[in-house]
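This briefing covers nonpolar cores and disulfides. The sequence and structure come first, then the points grouped by topic.

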Amino acid sequence: MALFSCGQQPTGLNPKNQLASNVFVYDQADTRNFVLNQRLSRDQVLSSINRMNDSFKSSYIGYEIKKQLAGMSGDEVFANCRAMVPQKDRFFAFEYYDIVYKCLAQFKDSHISIKRAMSPAFVSTAIEQTILAENKVIIMHVRNNVIKKFEEMQSLPEGTLAAAIKPGTEILKIDGVDARSKMKELIPFISGSSALAREADAVTRYFSRTINYPASKEVNLKLKLPDGSERDVTIPWLFIVRNSSLESRIMLSDEGILDPGKLSTEKGFTNTSGYDISEPLYKDMSNQKTFFDEVENNVLVTGIVNNNGKPVCYMQLNTFNLDETDDFGYKVFTKIDNVKQPANLLHEVKSFLSNCEGFSSPLVLDMRENGGGDANLADSFFRLFEKADTPLNYAARAYYLENGNFAMLANGFNEIDRETLSMQRTLMFKAVSEATARNQKISDWTLLRPKVSESVFTGPVSVVISSNCVSACENTANRFKVTGRAKILGTHTAGTGFGFTSNSAKTTFRDDWNMLEINILNMAFQTGVVSDDSAFQTDDSSKGSLRPLAEISFLENNPVQPDVILDYTVRDVTGEFPDMGPAVLRSFAPAEPPAKATQLTSASNEK
């Protein structure tokens with residue numbers, strides 16, 4: 001099978017390899033020229049941005065309202081996008097992707113996801129990941145085999161670099177610049193409404209990234225070791241393949257970035273080790289159970305922690321991103337005698353919470369690494385914690401009408417047998433119809449809650465969050481916060497509870513070259529709390545109503561704030577004397593005067 005590349009002019013290839021003046025047959029002996037001829041022109045990049053602008057203007061719910069939420073309207077965002085295209089003739093795919101990331105990041109909406117057809121290689125080094133701990137940049141994951149190879153390449157005694165490049169070491173400077181300032185160079189490419197969350201993401205991704213590739217083939221670091229001594233090291237950048245595009249591999253090699261496959265053929269050469277923030281807070285738990293998804297990513301971990309002789313229930317929930325199935329609902333898996341067995345997530349959660357309720361044990365709910373997912377699953381999960389005195393709270397949704405899809409739904413509203421519709425669909429049709437009649441682009445909020453609560457656990461709850469708690473996780477954390485149902489610990493969430501895509505009115509942008517795809521968000525969501533719902537509409541399973549858009553604030557730019565600030569410490573990263581887990585358990589201590597209550601935060605940062 002032959003491969004072809006289209007270029008603007010027949011530069012660099014023998015005419016016999018041309019099918020036309022700008023079409024080239026892939027020649028394995030001349031791969032580099034084949035790649036060069038696939039580059040986009042500046043006019044093509046600008047054309048793509050203009051088409052993207054049109055699609056967002058007609059379909060993105062935040063196009064106008066982002067002016068008040070993020071400081072720029074859609075028109076202003078795309079004007080900046082056009083201005084940020086460099087004055088050069090040709091662009092590689094990874095350069096094109098950088099422009100698009102930087103463009104759309106201005107919306108500060110991390111729900112805007114870009115699917116790339118040509119995945120760039122990860123540029124990394126002996127350090128794989130860092131973390132902000134105690135306001136310092138701390139090494140978290142390293143590549144031990146790569147470190148050993150770098151020692152050989154630099155003719156250093158074995159263990160010389162390994163003694164410095166290890167979890168717990170602080171990075172003071174990168175290429176002569178303060179480490180945090182240097183890492184902020186990635187922030188313009190990262191979406192999200194919280195500045196602190198974007199910085200935390202930049203710190204995490206700096207040493208393993210597919211955006212904004214380094215300009216040099218080495219990185220110079222000033223390190224501060226755990227013993228207080230400082231050391232300067234220089235280590236090469238290398239690229240991790242991971243099914244990456246041929247283009248990025250060729251061009252990174254041209255820039256002098258090392259190919260690890262040429263450094264060693266050893267299996268697992270680039271494997272990493274270090275502190276895993278996705279692990280449970282507690283290593284020693286009784287009755288521990290672990291449930292995972294189809295690809296064996298941990299979804300749920302439950303167990304009992306001994307807190308000075310008193311049992312505390314622990315539940316780590318890492319995602320709501322599960323599809324509902326006919327046989328097991330939200331299906332997860334566990335292993336019994338090393339045999340994979342299916343299970344129903346909500347049934348397992350209910351069973352665990354019922355036991356905790358029976359023993360009157362408090363609960364730690366760990367959602368630090370929960371990336372969100374199914375809003376209905378998140379809603380069902382929260383209802384398990386409602387008590388008789390829990391304030392009435394509703395899932396709130398609003399819809400964007402500009403694209404015409406929702407307007408078509410509104411036109412058919414009067415012809416639909418409303419009795420056969422769920423309350424959610426009825427409210428959607430009603431909101432869209434009323435907004436259409438008022439010539440509004442965005443509908444009012446539709447508020448929906450189940451009529452019957454499935455409350456299972458009524459005891460004390462401490463919810464642990466971080467800037468990695470996004471979307472449905474953030475909305476769930478907000479429910480615990482605004483209803484007063486739990487004490488919130490950790491660092492604030494990402495501030496991303498804004499848009500998602502309705503499958504009933506979906507808009508997808510693809511460029512002319514099928515190099516990227518974007519699902520454009522035409523709905524917004526939030527949690528609404530009301531004092532009385534006696535006047536709400538009712539059907540067999542739920543209650544609902546409409547509320548003016550201005551009545552309920554967006555989570556956008558309003559991340560969930562913890563009641564007690566609790567961040568990672570260097571001792572958490574090294575694993576020597578973890579601070580976060582014990583600090584969370586102290587949250588169940590009897591209430592203290594405010595002057596003493598702040599000790600929970602400071603204790604978490606003790607050396």
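Which residues have the most contacts inside the largest nonpolar core? They are Phe56, Phe78, Leu104, Ile171 and Leu221, in a core of 95 residues. The model is predicted: local features need pLDDT of at least 70, side-chain atom pairs count only at pLDDT 80 or more, and totals for chains, interfaces and linings use all residues. Residues are numbered from 1 along each chain as its sequence is written, and side-chain values use heavy atoms, without hydrogens and water.

**Nonpolar cores**
- A nonpolar core is a set of buried Ala, Val, Leu, Ile, Met, Phe, Trp, Tyr and Cys residues joined through side-chain atoms within 4.5 Å; buried means under 20% relative accessible area with a 1.4 Å probe, protein chains only.
- A second, separate core has 40 residues, including Phe291, Leu345, Leu363 and Met367.

- Cys81 lies in helix H4 (residues 74-83) and Cys103 in helix H5, so the pair ties together parts 22 residues apart in sequence.
- Cys313 is joined to Cys356 at 2.1 Å, S to S, and the torsion of about -115° makes this disulfide left-handed.
- Cys469 and Cys473 are bonded with sulfur atoms 2.1 Å apart; their torsion is about -105°, so the disulfide is left-handed.

Terms used: Buried means under 20% relative accessible area, exposed over 50%, partly exposed in between (1.4 Å probe, protein chains only). Helices (H or I, at least four residues) and strands (E, at least two) are DSSP runs, numbered from the N terminus. A disulfide is a pair of cysteine sulfur atoms within 2.5 Å.
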